[in-house]
Amino acid sequence: MEQVNFENFWNFANQLVSLNDTEKEKIQKELTFRKVKKNTILVDLGQTAKEVYFINQGCLRFYYLTDEGNEITGFVFTENMFAGSHESFFSQVPSIQVLETLEDSEMIVLSYEKLNQLYTEVPKMNTLSRKLLEQRMAHAQKVIASLIINKPQDRYTTYQKLHPGLENRIPQHVLASYMGITPVSLSRIRSRKPKKD
């Protein structure tokens, strides 16, 4: 049986809530480990999300589909982040997003059923979930503000600072849609980027 590394999961959780060994043991018992291939759909449009994922290794994104069939990336998740169609998962409603892997990924998985069980068994899970959602909401507001206020070049510079190296891991059209610009505009911005020694 494959040994699962929970160290990153607990490092993340400990930033949000203090858990004792007994609480950690109860939580870890309900977690499962999964390897998923690149380009796997984890939550499809209209499907109700039944799981949330902590990324040990890999890269995921969620995207929206326009009436014309275009994909607009709403968020990119990488190592040490919780990924999911959160509105669908926490409210148990059909997803308005598609969640897919951009790389072969290794994830720690928690089901909606097990989470609700843990809310009772480990009350601090309520705090962990709330703080996780607060983080996501704050980040979403920053992204929206950037799309409204910042010029494309500034968005690109900010993106590089927040996610160093990620632009080399995801397709250009995904990065462009996440930044709210066309792939052509992104190419122009990258070509104007000053060369480093």
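A polar contact is a pair of N or O atoms within 3.5 Å; within protein, one of the two must be able to donate a hydrogen and the other to accept it. The structure examined here is a predicted model.

Ser-187 belongs to helix H8, which covers residues 183-192. Its relative accessible area is 36%, and Ser-187 is therefore classed as partly exposed, since that class lies between the limits of 20% for buried and 50% for exposed. Ala-176 is 11 residues away from Ser-187 along the chain, and the C-alpha atoms of the two are separated by 9.1 Å.

Ser-105 sits in strand S8. Is Ser-105 buried or exposed? With a relative accessibility of 2%, Ser-105 counts as buried, because the limit for that class is under 20%. The side chain of Ser-105 takes part in polar contacts with backbone atoms. One is with the backbone oxygen of Glu-103, at 2.8 Å. Another is with the backbone nitrogen of Cys-59, which lies 3.4 Å from a polar atom of the Ser-105 side chain. Apart from neighbours within four places in sequence, the contacts of Ser-105 are Arg-34, Lys-35, Val-36, Gln-57, Gly-58, Cys-59 and Leu-60.

Ser-129 is part of helix H5. Its relative accessibility is 8%, so Ser-129 also counts as buried. When residues up to four places away in sequence are not counted, Ser-129 touches Phe-90, Leu-115 and Tyr-119.

## The sheet around S8

Strand S8, which holds Ser-105, is one of 4 strands in an open sheet with antiparallel pairing. The order of the strands is S1-S8-S3-S6. Strands S1 (32-36) and S6 (82-83) are at the edges; each has a single partner strand, so one side of each has no neighbour in the sheet. The partner S8 runs over residues 105-111 and pairs with S1 in the antiparallel sense over 5 bridges. In one of the pairings, Thr-32 has Val-109 of S8 as its bridge partner.

## Pockets and cavity

Rolling a probe the size of a water molecule over the atoms shows where empty space is left.

| Space | Volume | Lining residues nearest the centre |
|---|---|---|
| Largest pocket | about 530 Å³ | Phe-62, Tyr-64, Gln-97, Arg-136, Ala-140 |
| Second largest pocket | about 370 Å³ | Phe-75, Asn-80, Met-81, Gln-135, His-139 |
| Largest cavity | about 120 Å³ | Phe-82, Leu-110, Met-125, Ser-129, Leu-132 |

The lining of the largest pocket consists of 22 residues. By class, 12 of them are nonpolar, 8 polar and 2 charged. Which elements each supply at least two residues of this lining? They are strand S4 (60-65), strand S5 (71-77), helix H3 (86-91), helix H5 (124-149) and helix H7 (172-179). The largest share, 7 residues, comes from H5.

For the second largest pocket, with a volume of about 370 Å³, the lining is made of 16 residues. Two or more of the lining residues come from helix H1 (7-16), and likewise from H5. H5 has the largest share, which here is 4 residues. The class counts for the second largest pocket are 8 nonpolar, 6 polar and 2 charged.

How many cavities of 30 Å³ or more does a search of the whole structure find? The search finds 1. A total of 15 residues line the largest cavity, and Ser-129 is among those that lie nearest its centre. At least two lining residues are supplied by each of H1, H3 and H5. H5 gives the most, with 4 residues. The cavity lining divides into 14 nonpolar residues and 1 polar residue, with no charged residue.

Methods:
Residues are numbered from 1 along each chain as its sequence is written. This is a predicted model: local features need pLDDT of at least 70, side-chain atom pairs count only at pLDDT 80 or more; totals for chains, interfaces and linings use all residues. Side-chain values use heavy atoms; hydrogens and water are left out. Buried means under 20% relative accessible area, exposed over 50%, partly exposed in between (1.4 Å probe, protein chains only). On a 1 Å grid over the protein atoms alone, a cavity is a set of points where a 1.4 Å probe fits but cannot get out, and a pocket is an open set with protein on both sides within 12 Å along at least five of seven lines; lining residues have an atom within 4 Å of a point. Grid points are joined across faces, edges and corners, and a volume is the space filled by probe spheres set on the points. Ala, Val, Leu, Ile, Met, Phe, Trp, Tyr, Cys and Pro count as nonpolar, Asp, Glu, Lys and Arg as charged, and the others, Gly among them, as polar. Two strands pair if DSSP finds at least two bridges between them. Contact means heavy atoms within 4.5 Å.
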